[in-house]
Amino acid sequence: MKKQYDQIKKSLDVIFEKIERISKDINIKAIGEAVSEVKNKFCNNIFYLMVLGQFKRGKSTFTNYMLGADILPTGVVPLTSVITKIKYSTDIWAKVLYNDGRNENIDIKELDLYCTEKNNPKNIKGVKEIHIGYPFEFISNDVVIIDTPGIGSVYKHNTDVAYSYINKADAVIFLLSVDPPISELEKEFLSKVSENVNKIFFVLNKIDYVNEMELREIINFNENIVREIAKNDSINIYPISAKLALEGKISKDDNAIEKSRVQKLEIDLQNFLMKEKEKVLLESYAKNIERIISMCQTFFESSIKLRQVPLERLESNIKAFENFIKEVEKNKKEISLLFQGDMRNILQNFDEKVEEYKQFISIRVSEKIKEYYHSIRDLSRINQKKELEKYLEKAIIEEFEKLKGRIERDIEEQYSKALSNYLLRLNAVIDEVKTVANELFGINLEYFRSAGGITAESKFTYKIGYDVGALEIDPVYFTYFLPKKVAGKIILKRILDRVAIDVDRNIGRIRYDLLTRIEESFSEFEKDMNFKLQTMYDTIKELLAKSIKDYKFDRDSFEREKACYQTLLKDIEKIREELEHVLNMLK
C-alpha cells in the first residue's frame, strides 16, 4: 500500500509542477498565495489535524489532553484569538508569527499574552499564528495539531479566522458539548466543514455535567442533526470529558481517564493516523491542486470572454451593472434596518424580564444576608455594619455573576437566530451580485461568506453601596443609644433596604452594557457587509478596466494573447484529466 501511495504522491507532484508553471503567467495575488501555501505544506508531507467548534466547547482543554500537558490557556470566557499550531519536537519552544512578517521566540509560559482576548483583544498585536514545539506522544511526528478560535463568540474576528482556515484541514476534530445543544451557527459552520473535509471526528465534550439518561438523549439529538448536515448516515459521536481526561493524563490517574471515556476516541484516532492518514493527505493534496486549476481556468476564460464582447455592448453592460449595484445598495439598507429591528427585539425581551431578575436576586441576596447576620451579631455595632456591607457586596456580585451568565447565554441564543437570518439575506445579495456579474460579463467570483457574533467587548462593572459624605453622620452611631439587640435589627434592616437599590442599579448597568455592545456589534456588521460587497465590486471593476484597456491593443496583439490563453486552457484541461486519473487510483 505504501508503494502505491508513494507513486500517487509522485504523480501529484508532477501535476502540481505543471499547474505551478502555468500560474506564473498570471499576475494574480490570490493564485500565487494558494500555490505557495500548497507547495510548503505538501512538499513536507505535513498532516493538519484541526480542532474546530463553537466557543466554550473546550477545544483548548481537549488539545491540552492530546499533548498530555496544560500548555494552552483555558477558561470560561472565549480565549483563543489566533491560530495555534503544535508540532512534534524533542525540545519545548514557542514562536509568534506576526502579520508584518516578523517572528519572535517566546517562553511557552507567556502564550496567554498573545493568544487570548484578555491580553491581545481583537488581536491588536497583529499576531498571524503561534507555533509550538512539544514532545507529545499521542500521535505521529508528522502531524500538526491546530487549535482554532471558537466561532460565534462575542469576538467576530475569531469566527472569521476559524472560517478562513477550514480548507487547510486534512482531518477535523469537531467539538460539541452537552451545554447547550448544537446551535444554528454551529450547523452552518459544520455544513462548511463537511464540504471541505472528508474525515471528521465528532466529539461531545463535558459529559461530566449530565447523568447517563440525559447523555443518551443529547447524543441521539446531536447525531440526527449531524447526519442531516454532513449527509452521512454512519456518523459516530464520541462522548468524553476533556477536563477529566487532561487531569488523568497529568496526574497519571487511570480512574479519571476511565471516567472521561476518552479511550475509544484515542484508539480510533490513532488507528486512523496510522492506517488512513496517507490516503487522506493525498486526497487533500489533490483537492488543493484542483482548486488552483479552477482559479487559473477562471482567469483565462474570463479574460477571453470579456475581450470578445463588442466594446459598445460591454459599455452598455457596465451601465446595467452600475444600475444593478444601486438596487443592491437599497437592499443593503433594508437588511441593515431588519437587523437593527432584531437587535431592538433582543433588548425588549431583556426589559420584559427585568422585574423577574430583580425579584429573584433581591430575595436570594436578602436571604443570604439574614443568614450571615447570625454569625456576626456578637460584634460591635460598627463592625456589624462593616461586615454586613462587605458581605452585601460579595453576595450581590455572586448572584449577579450567575444571572449575568444566564442572561448572556439567552442573549447569545437570540443573537444567533437573528444573525442566521442576517447572513441568509446578506449571502443572497452576494449570490445575486455573482450571478449578474457572470451573466453580463462571464466573470466567476469567489464565494464571500459572512459569519460572526456580538463583536463588542463587555465593559460591565459593579456599583454597590454608597459613600458617606464629609458632613454626613453615619446613622450607625445613633444606634449606640439603643439596646444592642434592637440596634442590630436596625443595622440589618438598613442593609436589607439597600439590597433593592443595589440590585436595581446593577440591572441598569447590565442593560446599558448590553445596549452598548449591541450598538457596537451592529456597527461592526454594517462595516463588514460594506467591505465584502465593496471587495466584490472592486474585483469586477479591475477585470472590466483590464478588458477596456485591451481594446486599445491592435487586433493581431489580441489574437496572439487569445491564442496563448486558449493553448493554456487546453493544457489545463489535460492537467485536469491527469488529476482525475490519479483520484481514481486513490478510490
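Axes here are lines fitted to C-alpha atoms, for helices over the stretch in contact, and the angles between N-to-C directions run from 0 to 180 degrees. Helices (H or I, at least four residues) and strands (E, at least two) are DSSP runs numbered from the N terminus. The model is a predicted one, in which local features need pLDDT of at least 70 and side-chain atom pairs count only at pLDDT 80 or more, while totals for chains, interfaces and linings use all residues. Residues are numbered from 1 along each chain as its sequence is written, and side-chain values use heavy atoms, with hydrogens and water left out.

Helix 3 (residues 59–67) and helix 8 (residues 242–251) have axes that come within 9 Å and cross at roughly 30°. Helix 3 is therefore roughly parallel to helix 8, given that angles under 35 degrees count as roughly parallel, over 145 as roughly antiparallel, 65 to 115 as roughly perpendicular and the rest as oblique. In this contact (heavy atoms within 4.5 Å), Thr61, Phe62, Asn64, Tyr65 and Met66 of helix 3 meet Ala242, Lys243, Ala245, Leu246 and Lys249 of helix 8.

We turn now to the aromatic rings. A pair of aromatic rings is described by the distance of the centres and the angle of the planes. Rings of Phe, Tyr and Trp (its six-membered ring) pair if their centres lie within 6.5 Å, and planes under 30 degrees apart count as stacked, over 60 as edge-to-face and the rest as tilted. The structure holds 13 aromatic pairs. In one of them, the ring centres of tyrosine 88 and phenylalanine 136 are 6.0 Å apart with the planes at 85°, so this pair is edge-to-face. The pair links distant parts of the chain, 48 residues apart, with tyrosine 88 in strand 2 (residues 83–88) and phenylalanine 136 in the loop between strand 5 (127–134) and strand 6 (143–147). Tyrosine 88, at 30% relative accessibility, counts as partly exposed, whereas phenylalanine 136, at 1%, counts as buried; buried means under 20% relative accessible area, exposed over 50% and partly exposed in between (1.4 Å probe, protein chains only).

Phenylalanine 201 and tyrosine 238 have ring centres 6.3 Å apart and planes at 40°, so their pair is tilted. Both phenylalanine 201 and tyrosine 238 are buried, and one aromatic cluster is formed by Phe47, Phe201, Tyr238 and Phe272.

Lysine 9, finally, lies in helix 1 (residues 2–23) and is buried, with a relative accessible area of 15%. Residues up to four places away in sequence aside, lysine 9 touches Phe42, Asn45, Leu282 and Tyr285.
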